[in-house]
Amino acid sequence: MSVHDRSVSDADGTRVVRAGLPEEEPYAPPLPGPVFAAHYHLPGDIEGAPYAYGRDANPTWSALERAVAALEAPQDPAAEAVVFASGMGAISAVLLSQLGPGQTVVLPSDGYNLLAALRARLEGFGVQVRTAPTDGWDEPGRLDVLAGARLLWLETPSNPGLDVCDIRRLADAAHERGALVAVDNTLATPLGQRPLELGADLAVASGTKALTGHGDVLLGYIVCRDAELAASVRAWRKTVGAIPGPMEAWLAHRSLATLDVRTRRQAGNALAVAEALTARPEVSDVRHPGLPGDDAHALAVRQMSRYGCVVSFTLPDKAYAERFLSGLRLVGEATSFGGVRSTAERRGRWGGDAVPEGFVRLSVGVEDAADLVADIRRSLDEARTSAQ
Ligand SMILES: *Cc1c(COP(=O)(O)O)cnc(C)c1O
């Protein structure tokens, strides 16, 4: 057995180590190395040629695409993935290839901060952009925002606010009104949540974060069931050239084998850290979907199977948060999230997110949970002492 055979097991840990691998061949490597090629031998008629030019296709991407499709849609062998140079490459490919002048898109009020730049671009091209809150979908009349829309964009859990929205319910409501639904699945990873099984048309993500998990690769992808939709997004990739390098694609594929152990450990550590933070009087608004007291927990339990590595919370002010961050020894001050090493940052330093000055986004790595909790408690103690 080489490619994942579902008759043996469908468990996450088993699936990730074989996802996308070719059939076993004597004396060949299990995961073939990166193929560096700008062009391929291309004799005669080009009809049906799988590889012609390096901007259109590459065997290293193909293997990664098979793997990512197998993780996002394990029950659907027809699902297709398209990989990109970055998460933004994938997000813009969907929005810019599927929307034209006069069409309407509904974007979330809290979401990845570059969505705002993309929104301005879409408006410049004559696309109508509406905003919907990441929470509060239950309020009367809220679904009216979907009327006449071509696409609903969801990000759940949202970054950095960690609200969770009900993918199944919103996908049904959007489909009744003729809209496509795309879900940014970056934070959860396909082991934490499978948007396509919850009714979405597209799962879109940055592979830069927990999917690859080592903080050394930028990558993006989309997965969808509809072959025409996949072809149209793939054509966009070819046109704008938002392609991953073969080395990045290979590193990403290599990293998938540990996705189960990394995300399991990170989710456990994140819960331990979130619980420790909740016990501190100087810390407010601790958010983590796995925290039983979190507003989003009940919904998260229904649609997620692990709750990710991100914990957010608020310290009294900017200086307090800066003292806390600089006092940490096991948590580096850096942006991004999902890596094996814990990192944290004050999101307010970027501008753009609607968060208080003392708001901290913490990405919990795979370190020992007790060590992390001790480091965080010590740095909080020190930040408080120097406030007095
Ligand atoms: C990081 C991130 C992106 C953008 O991905 P890049 O790989 O940095 O381009 C998009 N969505 C979410 C939720 C992210 O966290």
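Reply: Arg361 is buried, since its relative accessible area is 4% and the cut-off for buried is under 20%. In this predicted model, the side chain of Arg361 meets that of Glu345 in a salt bridge, with 3.5 Å from N to O. The two partners come from distant parts of the chain: Arg361 belongs to strand S12 (residues 359-363) and Glu345 to strand S11 (residues 343-346), 16 residues apart. Glu345 also counts as buried, at 0% relative accessibility. Side chains of opposite charge can pair when their charged atoms come close.

A second salt bridge joins Arg287 to Asp294, and here the closest N and O atoms are 2.9 Å apart. Both of these residues are buried. The surroundings of the next pair may be set beside this. Arg142 forms a salt bridge with Glu139, the closest N and O atoms lying 3.1 Å apart. Arg142 is partly exposed, with a relative accessible area of 28%, and Glu139 is partly exposed as well, with a value of 44%.

Salt bridges may also be joined into a network. One such network links Asp10, Asp12, Arg15, Arg194, Glu197, Asp260, Arg264 and Arg306. The count for the structure comes to 28 salt bridges.

The aromatic rings may now be considered. The structure holds 2 aromatic pairs. In one of them, the ring centres of Tyr40 and Tyr51 are 5.5 Å apart and the planes stand at 45 degrees, so the pair is tilted. Tyr40 and Tyr51 each lie in the loop between helix H1 (12-18) and helix H2 (59-72), so their pairing ties together parts that are 11 residues apart in sequence. Tyr40 counts as buried at 15% relative accessibility, whereas Tyr51 counts as partly exposed at 24%.

Phe313 and Phe324 form an aromatic pair that is edge-to-face, with 5.9 Å from centre to centre and 75 degrees between the planes. Phe313 lies in strand S9 (residues 310-314) and Phe324 in helix H10 (residues 318-327), so this pair ties together parts that are 11 residues apart in sequence. Phe313 is buried, with a relative accessible area of 0%, and Phe324 likewise counts as buried at 0%.

Finally, a charge and a ring may meet. The charged end of Arg323 sits over the ring of Tyr320, at 5.0 Å from the centre of that ring.

How values were computed: Residues numbered from 1 in each chain as written. Predicted model: local features only at pLDDT ≥ 70, side-chain atom pairs only at ≥ 80, totals over all residues. Heavy atoms only, no water. Salt bridge = Lys/Arg side-chain N within 4 Å of Asp/Glu carboxyl O. Buried < 20%, exposed > 50% of the residue type's maximum accessible area, 1.4 Å probe, protein only. Helix = DSSP H or I, 4+ residues; strand = E, 2+ residues; numbered from the N terminus. Phe/Tyr/Trp six-rings, centres within 6.5 Å; stacked < 30°, edge-to-face > 60°. Lys NZ or Arg CZ within 6 Å of the ring centre and 35° of its normal.
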